[in-house]
Amino acid sequence: MTASTIGSTGGPPHDLAQNQHAYLELVRRRRLYGGVLLILFVALMMSGFQMAQSRNAGGFIDGLPMVLAFPTEVISEAWEKRANLPGIFVAHIPSLIETLNIAAVSTILGGIAAMLLALLSTRGLSPWPRLTGVFRRIMDVCRAIPEIVIALILIYILGGGPVPAVIAISLHTAGALGKLFSEVAENADLKPVEGLTSVGAGWGQRMWFGVLPQVAPNWISYGLLRFEINVRASAILGFVGEGGIGHDLKIAMQWGMGRYDLVVGIFLLLFLTIVIIDTISDRVRERLVKG
Amino acid sequence: MLEVRNVTRVFGSRAAVDDISFTIDRPAFVGIIGRSGAGKSTFLRMMNRLTDASSGQILVNGQNILSLGGQARRAWQSQCAMIFQQFNLVPRMDVTSNVLHGLLNRRSTLATMFNLWSREDILRALQILDRLGIVEQAAKRAEALSGGQQQRVAIARALMQDPQIILADEPIASLDPMNAQVVMDTLKRINIEDGRMVIANLHTLDTARRYCDRVIGMRDGRIVFDGTPEQLSTGVARDIYGADASFNEAATSTALPTDTAADREYAERLLA
């Protein structure tokens, strides 16, 4: 029972030799390409690093030990004042709720827009297959403009407050989720859709009964991930005057030394929020998948 | 050579395999038949250690393979090749790479990850493909092949492992009658020429009768028949499948018909 018992019984021997030669040649070529790519990659990384290093004010290696200096300062101060943390948590719950509300509303609005955009930009599902490119570009535009830019423009027009933040985040969500949703929809099985077409169902009915049940678990899990990202985005927009917990964080950071317990408290609150959302999304997804 | 002692596998409160024992003392071609859910797949998966047994022993040359762990378990898996109903190849890799995967347990992880196989290994893989008559597909992606060809690639991967035992879990259930025959003939040839034991789960009686030296019938996790193909009467088959007197195996048989009456009739109609 060794390799030697494996003799050639099928096909003329020169056929095997030919195939062996061809395959070994293929292997040689693949290894050559792989090697060249590896050398190229290493060379590019090295030269890129050197260029970045030469433009830096300080050196990368010299600066490395200092990376932890600021976090250490913040955390050690917060540790000394750890008794304040529960009070900080309670005090900032209202602004956390505002931030969460902005994130939730914009995830829902953006998500609904994303569903439509996704179905319209998926070849095979779209009612107008020729226009899929147009809807794709619309999503590209939504993703390309940073939400902070949209928010700043809207604040200028509408004044500060949660509405500009919701619009800015919704637009970005529609583009980003639409892209992910359409990738899921592309992999959906078309047989149920064909079955529904055969009974004379309209486009809306085919999507609702044939596609949505298939894509729902993935769409919801992407939606919940987006909700997490939007909590963070909504906190960042607080920095430019949208209110919510981001505004508190900005003020705490500006005060600097002496109020680091506040900074750490707000960060912890945000972290706990994300953990809770993540846990809930895991549960929801598990129930959806198992049915 | 192979001794199965009181092997049981419980899923929840239901025993998928319920206290089965049998012995095989030579490299035979053994068929396991039974309806879906009878525990055939679970038993093969336990032999390959894809599923853990709840209790019992499987002795191969005196060693209990159910108690192996870690490296020893993987070494056993490399000597006990498995062929699946859905082929379980890596669809986007070429045929020869898929065959070379049979050596993964015996080569270093780093080298295999970069697909660096020695010249001897590659030549051996091509020889095996040649033996199975598909060497001209060597550079194609596995997904580009037909079902029958993919199953032969899976057999080539199994041969690359140079195994003592080949397990085949419904190897022909997703193939058409023509390809099914090619695959079964190949397995039989390996059994006879190389002297490797083959244990195959089959779901058609005619296949079991034609290829096996010994047939084991399972029902609800227990062995209800163990004998030669000749002893496999319609009555025994009804017992194994839990069917009543209306059971007629010819109704769903996938074997190519051996009688030529239909051909003659067709020819006469054409000539008329």
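The hairpin of β1(B) and β2(B) has two residues between its strands, and B:Gly12 takes a positive phi near 65° there. Strands here are DSSP runs of E with at least two residues, helices are runs of H or I with at least four, and both are numbered from the N terminus. All of this comes from a predicted model, in which local features need pLDDT of at least 70, side-chain atom pairs count only at pLDDT 80 or more, and totals for chains, interfaces and linings use all residues. Residues are numbered from 1 along each chain as its sequence is written, while chains are lettered from A and ligands numbered from 1 in the order in which they are written.

**Chain B: hairpin and sheet**

- Opposite B:Leu2 you'll find B:Ile24 in β2(B).
- Chain B also has an open sheet of six strands with mixed pairing, in the order β6-β7-β8-β3-β9-β10.
- At the edges of this sheet sit β6 (80-83) and β10 (222-227) of chain B, each with a single partner strand, so one side of each has no neighbour in the sheet.
- On average, neighbouring strands of the sheet are turned by 20° against each other, direction ignored.
- Within the sheet, β3 (residues 29-33) and β9 (residues 214-219) of chain B run parallel and are joined by four bridges; B:Ile32 has B:Ile216 as its bridge partner in β9(B).

**Chain A: helices and annotated spans**

- Helix α4 (residues 85-120) and helix α9 (residues 203-242) of chain A cross at roughly 145°, their axes coming within 8 Å. Axes are lines fitted to C-alpha atoms, for helices over the stretch in contact, with angles from 0 to 180 degrees between N-to-C directions.
- Residues making this contact include A:Ala103 and A:Gly111 of α4(A), plus A:Phe227 and A:Gly238 of α9(A); contact means C-beta atoms, placed from the backbone, within 7 Å.
- UniProt (unreviewed entry) places "transmembrane region" at residues 32-52, 100-120, 141-159 and 262-280 of chain A. Its positions are in the numbering used here, feature names are shortened, and annotations may be inferred rather than shown by experiment.
- Residues 262-280 of chain A are 100% helix, with end C-alpha atoms 27 Å apart.
- Residues 141-159 of chain A are 84% helix and 0% strand, with end C-alpha atoms 24 Å apart.

**Chain A: confidence**

- Mean pLDDT (the predictor's per-residue confidence, from 0 to 100) is 85 for chain A, and 93% of its residues reach 70 or more.
- Over residues 1-11 of chain A, pLDDT stays under 50.

Terms used
Contact = placed C-beta atoms within 7 Å. Pairing = 2+ DSSP bridges.
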